[in-house]
Amino acid sequence: MAGEIADFTDFSFHAVKNFTTAEGGASTWLDIPGIDNEEIYKMYQILKAEEITANIYLMIVKAPRVAKSCLPGQFVIVRTDENSERIPLTICDYDRNEGTITIVFQVVGAGTQFMSKLKAGDSFHDFVGPLGKPSELITDDIENTKKKN
């Protein structure tokens, strides 16, 4: 029974991979008085969705845990519903204070076509990340770097 050992529990549906590899799993939680379960379920809510040019869309998503720990160069994997494909997307921007992630994508198939129809107020079913190795950032002065070449 959920909540007998911990308030939150995650289960992997894969024999040798953990839950965070996006191979499928489930999260269960104890119904705690004062905690809004609908808020937990809608934690990956789309705050802004717009077409910025033909077939290219920008979305700002409420994802506080991802925003708290992501670094430049990392990505997320999203699913629009329980039956949809996993779509990897680069994190374009993040706001740790607001707990938001910005993603930009191009419609190239059925999954991104469906995703382009999502509007502000809708939520992603899964929003896994941050994933991948962060980019190495150069901190050298640009003028010194130019002289080296």
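No disulfides are counted in this structure, which is a predicted model. Cys 70 counts as buried because its relative accessibility is 0%. Cys 92 has a relative accessible area of 45% and is therefore partly exposed.

The sheet is open and is built from six strands, which follow the order E3-E4-E7-E6-E5-E8 with antiparallel pairing. Strand E3 (46-53) and strand E8 (126-131) are the edge strands, each pairing on one side only. On average, neighbouring strands of this sheet are turned by 30° against each other, direction ignored.

Within the sheet, strand E5 (residues 75-79) pairs with strand E6 (residues 87-95) through four bridges, in the antiparallel sense. Across this pairing, Ile 77 stands opposite Pro 88 in E6.

Thr 100 lies in strand E7, which covers residues 100-106. With a relative accessibility of 10%, Thr 100 counts as buried, because buried means under 20%. Leaving out residues up to four places away in sequence, Thr 100 touches Leu 47, Ile 60, Val 61, Lys 62, Ala 63, Ala 67, Asp 93, Tyr 94 and Asp 95.

The accessibility values are listed below.

| Residue | Relative accessible area | Class |
|---|---|---|
| Cys 70 | 0% | buried |
| Thr 100 | 10% | buried |
| Cys 92 | 45% | partly exposed |

Terms used
Residues numbered from 1 in each chain as written. Predicted model: local features only at pLDDT ≥ 70, side-chain atom pairs only at ≥ 80, totals over all residues. Heavy atoms only, no water. Pairing = 2+ DSSP bridges. Helix = DSSP H or I, 4+ residues; strand = E, 2+ residues; numbered from the N terminus. Axes fitted to C-alpha atoms, helices over the stretch in contact; angles between N-to-C directions. Buried < 20%, exposed > 50% of the residue type's maximum accessible area, 1.4 Å probe, protein only. Contact = heavy atoms within 4.5 Å. Disulfide = S-S within 2.5 Å.
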